[in-house]
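Here are my notes for a colleague who is opening this model for the opening read. Please keep the structure in view while going through the points.

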Amino acid sequence: NQNGGYYQRGKSYSMETKLLVAATYLDFKERAINDGTGFRPNISHVAAACRVGWHYVEKIESELYCEGRIIAPKDIYRRRDVPSGPGSISLGEEDSFVLYHLYRKEPTRS
């Protein structure tokens, strides 16, 4: 990338890199507040200091705000295996069969 790092498709940064970016982000944020330039640091400056892309810095920023911490890559992968969102957990064939028969017995249950 333009900061001297490189991108490899399908690879994720290590926990050490995530912690470095988070610490640098928080340091730049503290400087921005102390300098009176705002509450959010310049993402491009943080990215250049850590030699990562600005998208990655925004991802770390999002984790800090949403989760209040940095999430380990293994936990992120673990979360991916779990269905989420409306309708993502579907019924099995047996469940559908039971619901269908309950509905046929008493159609007002719908």
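This is a predicted model: local features need pLDDT of at least 70, side-chain atom pairs count only at pLDDT 80 or more; totals for chains, interfaces and linings use all residues.

1. Cover of α2. The buried residues of α2 are covered by elements that include α1 and α3. Those buried residues are Ile43, Val46, Ala47 and Cys50. Looking down the axis of α2, they fall within an arc of 100 degrees, so they line one face of the helix. An α-helix has 3.6 residues a turn, so residues three or four places apart point the same way.

2. The chain has five helices and zero strands. Along the sequence the pattern reads α-α-α-α-α. Of its 110 residues, 23% count as buried. The chain exposes about 8,600 Å², and carbon and sulfur atoms supply 54% of that area.

3. Contacts across the sequence. Take the contacts between residues at least 6 apart in sequence. Of these, 55% join residues at least 24 apart.

4. Helix α1, length and faces. α1 has 21 residues, which at 1.5 Å a residue should span 30 Å. Its end C-alpha atoms are 30 Å apart, which agrees. Which residues of α1 are buried? They are Lys18, Val21, Ala22, Thr24, Tyr25, Phe28 and Ala32. Seen down the helix axis, the buried residues of α1 fall within an arc of 170 degrees, so they line one face. The face turned away from that buried side carries the exposed residues Glu16 and Asn34.

5. A charge over a ring. Phe28 is one of the buried residues of α1. The charged end of Arg31 sits over the ring of Phe28, 5.0 Å from the ring centre.

6. The aromatic pair. How many aromatic pairs does the count give? The count comes to one. The rings are those of Tyr13 and Tyr56, with centres 4.3 Å apart and planes at 55 degrees, so the pair is tilted. An angle over 60 degrees would have counted as edge-to-face. The pair links distant parts of the chain, 43 residues apart. Tyr13 lies in the segment before α1 (15–35), and Tyr56 lies in helix α3 (residues 54–67). Are the two residues buried or exposed? Tyr13 is partly exposed, at 27% relative accessibility. Tyr56 is buried, at 10% relative accessibility.

7. Ser14, next in the chain. Ser14 is also found in the segment before α1. At 33% relative accessibility, Ser14 counts as partly exposed. The C-alpha atoms of Ser14 and Ala72 are separated by 8.6 Å, although the two residues are 58 apart along the chain.

8. Glu61, a buried acidic residue. Where does Glu61 sit? Its place is in helix α3. Glu61 has a relative accessible area of 8%, so Glu61 is buried, the cut-off being under 20%. Leaving aside residues up to four places away in sequence, Glu61 touches Tyr25, Arg40 and Ile43.

9. Trp54. Trp54 is placed in helix α3. At 36% relative accessibility, Trp54 counts as partly exposed. Asn42 is twelve residues from Trp54 along the chain, and their C-alpha atoms are separated by 9.7 Å.

10. Positive phi values. α1 is followed by Gly36, whose phi is positive, near 80 degrees. Arg51 also has a positive phi, near 60 degrees, and Arg51 is a residue other than glycine. Most residues other than glycine have a negative phi. Where is Arg51 found? Arg51 lies in the loop between α2 (43–50) and α3. Please look at that loop in the model.

Notes
Residues are numbered from 1 along each chain as its sequence is written. Side-chain values use heavy atoms; hydrogens and water are left out. Rings of Phe, Tyr and Trp (its six-membered ring) pair if their centres lie within 6.5 Å; planes under 30 degrees apart count as stacked, over 60 as edge-to-face and the rest as tilted. Helices (H or I, at least four residues) and strands (E, at least two) are DSSP runs, numbered from the N terminus. Buried means under 20% relative accessible area, exposed over 50%, partly exposed in between (1.4 Å probe, protein chains only). A charge sits over a ring if NZ of Lys or CZ of Arg is within 6 Å of the ring centre and within 35 degrees of the ring normal. The expected span of a helix is 1.5 Å times one less than its number of residues. The arc is that of the directions from the helix axis to the C-beta atoms. Contact means heavy atoms within 4.5 Å. Accessible areas come from the Shrake-Rupley method with a 1.4 Å probe; for residues, only the protein chains shown count as cover.
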